Amino acid sequence: MSNLLPPLAPHQERAVEFILTHPYSICAVCMGGGKTRIAIEARKQLGLKAIVSCPSYLKLEWEQEIKKWDSGAKYFIDKGKVPESLSD
């Protein structure tokens, strides 16, 4: 069995491409449309750091999605202090 991740859906590919070419855009895909994966993929392709602001009940979901779609990414879940290993 392959460990390859499924490809982006066509609408997700278009959204990532739009974000890459319009840096001040907003991802307004409908609920369940894969905004989290779009954001992770765009950040990965841009090679930039990102801040995700979300309700506290979504922190664990974001952590799981980052691990799933960008397993090599450095991240932290805000609990009041940024770990030294992530600060520049």
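## A partly exposed phenylalanine

F76 counts as partly exposed, at 38% relative accessibility; buried means under 20% relative accessible area, exposed over 50%, and partly exposed in between (1.4 Å probe, protein chains only). You will find F76 in the segment after helix 3 (59-69). F76 and I51 are 25 residues apart in sequence, with a C-alpha to C-alpha distance of 9.9 Å in space.

## About the model

This is a predicted model, in which local features need pLDDT of at least 70 and side-chain atom pairs count only at pLDDT 80 or more, while totals for chains, interfaces and linings use all residues. Residues are numbered from 1 along each chain as its sequence is written, and side-chain values use heavy atoms, with hydrogens and water left out.

## The overall fold

The protein chain has 3 helices and 0 strands, in the pattern α-α-α along the sequence. Helices (H or I, at least four residues) and strands (E, at least two) are DSSP runs, numbered from the N terminus.

Of the 88 residues in the protein chain, 22% are buried. Among contacts with a separation of 6 or more, 43% join residues 24 or more positions apart; contact means heavy atoms within 4.5 Å.

## Helix 1 against helix 2

Helix 1 (residues 10-21) packs on helix 2 (residues 35-46) at an angle of about 45°, with the axes 9 Å apart. That angle makes helix 1 oblique to helix 2: under 35 degrees counts as roughly parallel, over 145 as roughly antiparallel, 65 to 115 as roughly perpendicular and the rest as oblique. Axes here are lines fitted to C-alpha atoms, for helices over the stretch in contact, and angles run from 0 to 180 degrees between N-to-C directions.

Which residues make the contact? Helix 1 brings Q12, A15, V16, I19 and L20, and helix 2 brings R37, I38, E41, A42, Q45 and L46.

## Cores and a buried glutamate

The largest nonpolar core has 6 residues: L8, A15, V16, I19, I38 and A42. Such a core is a set of buried Ala, Val, Leu, Ile, Met, Phe, Trp, Tyr and Cys residues joined through side-chain atoms within 4.5 Å. Helix 1 and helix 2 each supply at least two residues of this core, and helix 1 gives the most, with 3 residues. A second, separate core of 5 residues includes I40, W62, W69 and A73.

Now for E41, which lies in helix 2. Is E41 buried or exposed? E41 is buried, with a relative accessible area of 16%. Leaving aside neighbours within four places in sequence, E41 is in contact with L8 and V16.
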